[in-house]
Amino acid sequence: MKNEDEYLKMSLLDSKRKRRRAVPSADPSIWVPAVVLMAAGTILVLSASAILASDEFSGPAFFWIRQLIWLVAAMCAMYVCSRIDYRRLSRFAPLLLALGFLALVIVLGMTPVRGARRWVGIGPLGVQPSELFRLAYLFFLAYSLARRQERVRQPKYLISYLVILLTASALLLAQPSFSSVLCLWATTILLLWIAGTPKRYTIGIAGMSIVAAVIVVFGFGYKKSRVENYAAMVADPIEGCYQVRQASIAMGVGGWIGSGLGSGWGKMRYIPDPHTDFIFASIAEETGLLGALSILFLYLIIIYRGFAVAARAPDRFGFFLAAAVASSLTVHVAMNLGVVLGLVPTTGLPLPLLSYGGSSLLFTAIGIGLLLSVSREANRA
Amino acid sequence: MARMSDKSHGLNRSGKRRNGNLPRARFENPEFGRLVLRRLKFALLAVMLFWTVLAVRTVFIQVVWADRYSRRAQGQNEQTMTIPAPRGEVLDRNGSKLAVNWHNQSFYAYPDTQNIARLTSCFANILDLPAKELRRDLYRQRGKFTWMLRQADDRTAEKIREYNVPGLKTMPEVTRAYTTGGAAQGVLGFVDTDNRGLGGIEYSCQQWLTGTDGKAVIWRDGLGRKYTIDPVRVSEPIPGCQVELTIDIGWQTLLEDELARGVSEYNAKSGMAVLLDCRTGEIIALADALTADETAAGRTKCRTVSDVFEPGSSFKLVTFAAALAEGQISPADSFDAEMGKARFSRRWIRDDKKHGYLTVADAFRVSSNIVTGRIANIIGGDVVRRWAMRFGFGARTGIMLPAEQRGSVPDRRWSEYVTAAFSIGHGVSVNTLQLANAYASLANGGLLMQPYLVSRVIDPDGKTVYERTPRVRHRVMSPQVAARLMEMARTVVTNGTASLINDPEFPIAGKTGTAEKPDLETGRMIKNKYMASFAGFWPADKPQLVGVVVLDEPEPIHYGGWTAAPILLNVFRRGSFADDPAGDPAPRLIAYAEAAEMPTDFTSATGSPAAVESFWQGRRSRTKALNRWPTEEIPDLVGLTAREAVALLQARGLQAAVNGTGRVVKQKPAPGQNYRPGQLCQLSLR
C-alpha cells in the first residue's frame, strides 16, 4: 500500500515513455462479442418493443431511443473502464459497497412503479440501484477474496460474507426483487466455491439458500403458482405459464432461420415482455435457431474468455474480479435463458447486454470493461 | 486453435506452460492457488454443460416441436371471421320483393375501467337510457363480451362511430326483412336470429334461400385486437337463390284485408281464404285470419294448408260431378226433397228450406241435402268417395309449404245414411287449398291442376335452378260435365244460396257451404256452430280466378252465402278495379294449355294490380334495445282508390284496414301524424 503512489507515478511515466504498441490491448474475444451483442441488442429491442411502445407509450421508438442513449453511455463506460488499471480502483471497494447499500436504502423511499420500488430517477432515465449494488458487491467480493486468500476457508469470514449477503437480500426483497436476490446468491455461492470454500460449507450454504427460497416462495405465497406448475412446464412449455408458452410458440414459429427481423408475431402483445425478460424468444423467432445459437455462442465466448482471463490475471484481485464478472454474467444469462426456455420457474430477469434496460446494460458493460482491464494486464507478458 | 495455444490464450495450455496447474496470480499457498484454479476450470466445465443443455432445449423448441408450436400460433394469431351471406330474396309474381335483407352493424365491446365512461356517455345518449344504470350494468360486464347494440341501422351506426369510443367494435350482420308490412306473412314464414327459416317459404325453401357464408381471416394480436386493417378474404359469401312465388302481393293484401274485415264483421273466430289461378294452378293468394289465441301465440303455420275442416255443402260438387259424369243422372232429372226432412236408414237429414220436387240443377242451386243424399245413394258411396279422391281430396296438394294436412276421405260401410252424409260433406275433411283446387277443375274444363307456389328459383349467377310450369295432374271430368257444373254454379249466385251477392254487372259463380261443426268429444254435430264457406269463380263466363273463403263460427248469420260469399265478392270486385287488370298472360300458359287441350283464348290473365312499391326505402331502425323508430309521417290518402292507398301504406310498412269501396274519404291516423311500422291504418271508402 505504501508504495502504491510510487507505482502509480512510475506507471504513468512508463506509459508516456513507452511506444503505443507496447500498451497491451484488451482481449478482442471479449469486447468484440460484447459489442456485437450490445449493438444487436439495440436493433432487436427496436424490433421487439416497437408495438408495445406505440401501444402504451409515446411512439414506436420510445424504448429504442432510450436504449440508444444507454448504449452510448455503456460503450463509453466500458471503454473507460477497460483503460483504467483495475488495481488502482481496488482500494475503493469498501466505499463502493457502502455506496451500493446506500442506493438500496434510498430506493426504498421511492414511489413504487408497478408494485415495486426498483428505480431511482435521474432526469428522464431511471437507474436500478440493484444493478449498481451488484457491481459494487462483485467488486468488493473480488477485493476481499483476493486479500483473504486461504482464510476464506475459516467460518468467521464466510459468515461475514453471509451477513453482507443477507442484509442485501433483505433490502432487495423489500423492493421486492426476488430475482436479483436469487442471482446474487447463485453468484456468491459460485464465487465462494471457486475461491476455495470447503465443499461442506458450499453445500451447506447452497442447501440453506434453497430452504430459504422455498420458505420465501411457499411461506409467503410469493410466486407460488409459478413454481407449482414448474414440473409440467419443463416437460412441455405449452403446459407452463402464459409467458413461457408464448415464448415457446414464438420460437417454434421461428424455426431454423426465423421469420425475419421485424416480422415476428410474438411481440404482437403475445409475449408480455418481448423487449426485456423475453427478448431471447423474440430474437429466436425473428432470426431462428441460427440467431438463437449464435447468441448462446457469443455469451459462451465472453464467459470462457472471462474465466481464461482470470487464470492469467497477474494478481489475485484481477483473478477474482475476472471470475466474479464472468460468474455473474453466467448466472444472469443462465437464469434468463432457463426461464425463457422453460427450464427454470419464471422470474423476471433481463438478459444482460441484449435486453432493454439501461441499468443492466450500463453496469454489465462496466463489469465487462473491468474484465477487459484485467485482460489487458493479463496480456502483458 | 493452434494459434490460440501458441499465444497461450487457452486456459489449460496456459496452466500447463506456467508451472503446472497454478494460476498466474500468486497465492501465498501454492496448493490453495492450485485448488482455486481447479475449481475455476470445474466452474467453466459446468457452464459449458449448462450451455449445451440450453442449446439442446433451443433446438427442441425451434425445430423438433416447431410444428406443434406453429399450429398453436396459427390458432391464436389467426381468427376466421364469418362474412354472413345474404339470404335469397323472395319475390312475388310481378317481381315485387317480399323478403329482403338488411345489412347492418352490431356493436359490441369488452367494457373495462378505461372505456366504461365513454361507452356510457355514447350509448346513454343514443339509446336514451339512464346513464347510471347503464354504467352499473357495464361495470358488471367488465372484461366480458357485451353486445352494446344489435343490428343498428345506418344512421344510428354513423352516430355511434362519431363518438369514437375506444374498444367498441362492430360486426356486420344480415337481417331478414319483409316489405309486405305483415301481408303474406303466413306464406313467407319467418326466420330466427341466425337467419334460419322457421316457417312458410323461409322454411320449405331453406336449401335455396340460404347462402354460403364467406370466410375471412383476421390476424389478431395478443390482446385480441385485429391487426390487419382489412380481413383477408378466404372465400366470398355467396348469396342465397332468389325465389319467385306465384303470389300476387296485391291480391294477397286484398284477400287478407277482406278476410280480416269479414271475420270481424261476421263475428267469426277465424277465417281462411285462397285465390288460385284456375287455369294454371298458380296460387295467387293464401290468407288466414287468426283467432285471438293464435295471434297471441305468434304465427307458426299457414292455415290454408295446415288446417282441415268439414266442408259441408261445398263438397256437394264431388257428388254432382260424379252423378253427371257417371251418366246415371242428368241435370233434368228430378227428385223429391221431401219438404225438408227425410229418413236415410232411420236417421233424419234435413234441408234448410222446405222443397218439393227438385231437378238436379235446382238441388245444386238451393243446396238440397236430401236430394244430394238420394243421388249419392243411386251412384253409391264408394263411387262418391272415389270421385272425392279424384278431385284431389285426401292427398296433399304438394305445394311448398310446411305442415300440410291432407285431410281424410275415409272408406266405410256405405249405409244409406253414411253415403248421404258423405255426399254433403260430412265425415270428410279437407283443407282450403284442396277445395279451391277441386273447384278450379270446374272452371278450366275438367282438369285437376297441380297447384304451386314457387314458380322459379334463380341462383346468384342468374341461372334458373328450379322452375315450375303449370302441370295437369289428370282429367277429372269431361269439359261437358265441367261446363254443366259451371252453369249450375252460376245459378247458385243468380238464384240460389248465394243470391245475396248477385250483381248482374259483376257476374260471378260459386257454391256455398254451411257445415255444422262436429263436437270433437262426442262426435255429434253442435247446433249453432258452423263453418261457413264459399267457393267462387270470376269472371263467371270465362273464369280466371277461383277463390275459397272459409269462416269459422260466424255469428249470428252463419250461411256461407251470406258471410263467406260477400267477402269473396268484395275481393273479386276490388281486385277487378285494379289499375292494370290485364297482367301479361305468359306464353308458357298457352303452351301448356295447348298440350292439355284447353281453350287457349284467355285474353286477359289474372287481374294483376299495380306492383306494390316493394322495397321500403325508409329503413326503419331495428334497434332492439331502444324500440324507437325514425319518425316519418303518414301520407294523405284521401281521394285515392283503395289499391293506391294500400300500396302507399304498404310501401311504408303499414297495415291497412279498408272499409267500404270507392275512394278514401277518411283515414285514421290523420295525415301528417307519426307512425310506427306495422301500425294499422284505417281507411273509410265511399
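The accessible surface of chain B comes to about 30700 Å², and carbon and sulfur atoms account for 50% of that area. The model is a predicted one, and every value in this account was computed from it. Chain B has 686 residues, of which 53% are buried, and its secondary structure consists of 23 helices and 26 strands. When contacts in chain B between residues at least 6 apart in sequence are considered, 70% of them join residues at least 24 apart.

Strand β3 of chain B, made of residues 97–109, pairs with β4(B) in the antiparallel sense, and the pairing extends over four bridges. Within this pairing, F107(B) has L149(B) in β4(B) as its bridge partner.

Further along chain B there is an open sheet of five strands, which are arranged in the order β10-β9-β23-β22-β21 with antiparallel pairing. Its edge strands are β10 (283–289) and β21 (509–518) of chain B, each of which pairs on one side only. From one strand to the next, the twist averages 10°. Inside the sheet, strand β22 (residues 525–538) and strand β23 (residues 545–552) of chain B pair in the antiparallel sense over eight bridges, and V550(B) in β23(B) is the bridge partner of S533(B). Helix α19 of chain B, which spans residues 432–443, lies across β9 (270–277), β10, β21, β22 and β23 of chain B, and it runs at about 35° to β9(B).

The next topic is charge. Side chains of opposite charge can pair when their charged atoms come close. Over all chains, the structure holds 26 salt bridges. One of them joins the side chains of K269(B) and E553(B), with a distance of 3.5 Å from N to O. Because K269(B) lies in the loop between α11 (249–265) and β9 of chain B, while E553(B) lies in the loop between β23 and α21 (564–576) of chain B, this pair ties together parts that are 284 residues apart in sequence. K269(B) is partly exposed, with a relative accessible area of 43%, whereas E553(B), at 11% relative accessibility, counts as buried. Both residues also belong to a network of salt bridges that links K269(B), K517(B), D552(B) and E553(B).

Another salt bridge is formed by R573(B) and D503(B), whose closest N and O atoms are 2.9 Å apart. R573(B) lies in helix α21 of chain B and D503(B) in the loop between α20 (479–495) and β21 of chain B, so this pair ties together parts that are 70 residues apart in sequence. R573(B) is partly exposed, with a relative accessible area of 22%, while D503(B) counts as buried at 17% relative accessibility. A further salt bridge links K97(B) with E89(B), where the closest N and O atoms are 3.5 Å apart, and K97(B) counts as partly exposed at 31% relative accessibility.

Notes: Residues are numbered from 1 along each chain as its sequence is written. Chains are lettered from A and ligands numbered from 1 in the order in which they are written. This is a predicted model: local features need pLDDT of at least 70, side-chain atom pairs count only at pLDDT 80 or more; totals for chains, interfaces and linings use all residues. Side-chain values use heavy atoms; hydrogens and water are left out. Two strands pair if DSSP finds at least two bridges between them. Helices (H or I, at least four residues) and strands (E, at least two) are DSSP runs, numbered from the N terminus. Axes are lines fitted to C-alpha atoms, for helices over the stretch in contact, and angles run from 0 to 180 degrees between N-to-C directions. Contact means heavy atoms within 4.5 Å. Buried means under 20% relative accessible area, exposed over 50%, partly exposed in between (1.4 Å probe, protein chains only). Accessible areas come from the Shrake-Rupley method with a 1.4 Å probe; for residues, only the protein chains shown count as cover. A salt bridge is a side-chain nitrogen of Lys or Arg within 4 Å of a carboxyl oxygen of Asp or Glu.
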